[in-house]
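Here are a few friendly notes to read alongside the model. Keep the viewer open and look up each residue as you go.

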Amino acid sequence: MAEGAEVEERVDLDEDNYMEEMDDDVEEQIDEDGVDGVDGGSDENVEENAEEAHEDPTTKASEKDQSPEPDESHNAGEFVDDEEKPSASVNEEEKEKHAQLLALPPYGSEVFIGGLPKDTLEEDLRDLCDEIGEIIEIRLMQDRETGESKGYAFIGFKTKEVAQKAIEELHNKAFKGKTLRCSLSETKHRLFIGNVPKIWTEDEFRKVIEEVGPGVEHIELIKDPQNPSRNRGFAFVLYYNNACADYSRQKMSNSNFRLDGNTPTVTWADPKSTSD
């Protein structure tokens, strides 16, 4: 019996060492390969995310699995704490929150308008854009002290098609003696997730990510070129809009959240670069 306990103890130690090696391996491979898209900072249009709803995530409780071979069906993506399981009312609140996030306009439906006169009002922008298509939101950036316009705004339309139409009609348009600049707003909707268990398949990873939050559109789990049956420990996830991405980012950044025992690294990623 003593010998069996000793073997089990060595198995636990090996697992801890494997987890530490996995974290170092992900960082080394990212540095060596120059992973495109990881963004730790902010972009030039960072203010468009300032007004997004950031509701505190509801932490789901789950039991800790102490066996060396965790059951993926119960222990894959979890919050490790000692709280009781959420009630039915909490689950309903989560569903309602998901529905609200999905009801917001998709990525690509918001435009940036620059070159606005200092005396521009929100009503002026509504009059300017109303004939183009249905407007969901207008955010005129103003100086906090003076209340004057900073010279730019963000207009959220209902669809991507209307946003493209707005760009075509408003770019270089004369407005109150000024020439407007109009382009697609660079809101972020893509996440980088590191420290993913290397033995996971894309289906296993997708199941966990889709349970965290709504709006998952595309998952790119980077495979190990030397061993196709394993991944390299990181992935990119594309969401329906910024609100969905930020909701999942906050939940996975919770210190209690785990990916089969791993603490993930979750940051914003730049949009994939195009041929242009």
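1. Start with Asp 246, which sits in helix 7, the stretch covering residues 242–252. Please keep in mind that this is a predicted model. Is Asp 246 buried or exposed? Its relative accessible area is 3%, and buried means under 20%, so Asp 246 counts as buried.

2. Next, find Gly 213. Along the chain, Gly 213 and Asp 246 are 33 residues apart, and their C-alpha atoms are separated by 9.5 Å.

3. Now turn to Glu 169, which belongs to helix 5. Its relative accessible area is 41%.

4. Finally, step back to the whole protein chain. It contains seven helices and 12 strands. The chain has 276 residues, and 42% of them count as buried. Its accessible surface comes to about 15900 Å², with 45% of that belonging to carbon and sulfur atoms.

5. One last point concerns contacts across the sequence. Take the contacts between residues at least 6 apart in sequence: 72% of these join residues at least 24 apart.

Technical notes: Residues numbered from 1 in each chain as written. Predicted model: local features only at pLDDT ≥ 70, side-chain atom pairs only at ≥ 80, totals over all residues. Heavy atoms only, no water. Helix = DSSP H or I, 4+ residues; strand = E, 2+ residues; numbered from the N terminus. Buried < 20%, exposed > 50% of the residue type's maximum accessible area, 1.4 Å probe, protein only. Contact = heavy atoms within 4.5 Å. Areas by Shrake-Rupley, 256 points an atom, 1.4 Å probe, with all protein chains shown as cover.
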